Amino acid sequence: MDLAERLDSIQKRIQAACARAGRDPGSVTLLAVSKGMPPELIRAAADQGLVLFGENKVQEAKIKISLCPGRLRWHMIGHLQSNKCRDAVHFFQMIESVDSLSLATEIDKCAHKMAKTMPLLLEVNVAGESSKFGYKPDQLLSELNDINALKHIEIHGLMTIAPWSPEPEKVRPVFRKLRELKEKCEAILGAPLPHLSMGMSGDFEVAVEEGSTIVRIGTSLFGARAQVKKAFQPQSQNEEVG
Ligand SMILES: *Cc1c(COP(=O)(O)O)cnc(C)c1O
């Protein structure tokens, strides 16, 4: 299968999951996870009509974004260090991986300096896996008002990475819990949160059935990252100072 066929198959599976759940297919956005993929492949995906891409490293994204069409939109989906906040705010339209008040505060500071308001999602470690980043649900609920008080960020919803399982049905409770947690957050904030970013190549249909609005798909679209011959290697690993 080529890229166009893989994309078509993913879109059909999203539509079928929406039909099963009685949802409008227009309420689910496909985010193409392009980490490790070269700009040529991203441009090929853009030619197929994809506009939203996800990267997990600021340094890699920074170089690739400059080599891709300016109309594309980019979400940061990887763990963010506070010394990369400035670039993250500059290059991304949304940061999906905010998992502490201190990180949100740093993003707010950078956004303020750039006279921006930065949309973000709060990442939750629903299953409590020690290998994963993300808020514990209780911690999120207790810090939510403090994050919301920051003037130059906007909370748009929640994000989670479910534990890997060969049987996607097994992780349905994780997606359901994230949806319930979003409802609790909405009650605390007294305002609706539009987004639930959940579902990856192995489990996106179940995530859509449970209310996902952003599915983050890499390997099902682009192929296995390790097998991509021209996996993208940033030319310069040097960090900017300041
Ligand atoms: C890599 C990655 C994905 C995509 O995973 P696939 O299994 O390749 O679809 C989604 N979300 C995050 C946060 C990732 O790091």
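Because its relative accessibility is 7%, Glu-60 counts as buried (buried means under 20% relative accessible area, exposed over 50%, partly exposed in between, with a 1.4 Å probe and protein chains only). The model is predicted: local features need pLDDT of at least 70, side-chain atom pairs count only at pLDDT 80 or more, and totals for chains, interfaces and linings use all residues. Residues are numbered from 1 along each chain as its sequence is written, and side-chain values use heavy atoms, with hydrogens and water left out.

Glu-60 belongs to helix α3 (residues 58–66). Helices (H or I, at least four residues) and strands (E, at least two) are DSSP runs, numbered from the N terminus. The side chains of Glu-60 and Lys-64 are joined by a polar contact of 2.7 Å. A polar contact is a pair of N or O atoms within 3.5 Å; within protein, one must be able to donate a hydrogen and the other to accept it, and residues adjacent in sequence count only if both atoms are side-chain atoms.

Helix α7 covers residues 172–189, and its end C-alpha atoms are 26 Å apart, which agrees with the 26 Å that its 18 residues should span at 1.5 Å a residue (the expected span is 1.5 Å times one less than the number of residues). Its buried residues include Arg-172, Phe-175, Leu-178, Lys-182, Glu-186 and Leu-189. The buried residues of α7 pack against α6 (137–148), β6 (153–159), β7 (195–197) and α8 (204–209), where contact means heavy atoms within 4.5 Å.

The ligand is surrounded by residues among them Val-33, Ile-77, Ile-161, Met-200, Ser-201 and Arg-216, each with a heavy atom within 4 Å of it. The shell divides into five nonpolar, three polar and three charged residues.

| Residue | Protein atom | Distance |
|---|---|---|
| Lys-35 | side-chain N or O | 2.6 Å |
| Thr-219 | polar backbone atom | 2.9 Å |
| Arg-225 | side-chain N or O | 3.0 Å |

The protein buries 89% of the 390 Å² that the ligand exposes when taken alone.

Ala-115 lies in the loop between α5 (101–113) and β5 (118–123). Its relative accessibility is 73%, so Ala-115 counts as exposed. Phi of Ala-115 is near 55 degrees, a positive value in a residue other than glycine. Most residues other than glycine have a negative phi.

Conventions
Accessible areas come from the Shrake-Rupley method with a 1.4 Å probe; for residues, only the protein chains shown count as cover. Ala, Val, Leu, Ile, Met, Phe, Trp, Tyr, Cys and Pro count as nonpolar, Asp, Glu, Lys and Arg as charged, and the others, Gly among them, as polar.
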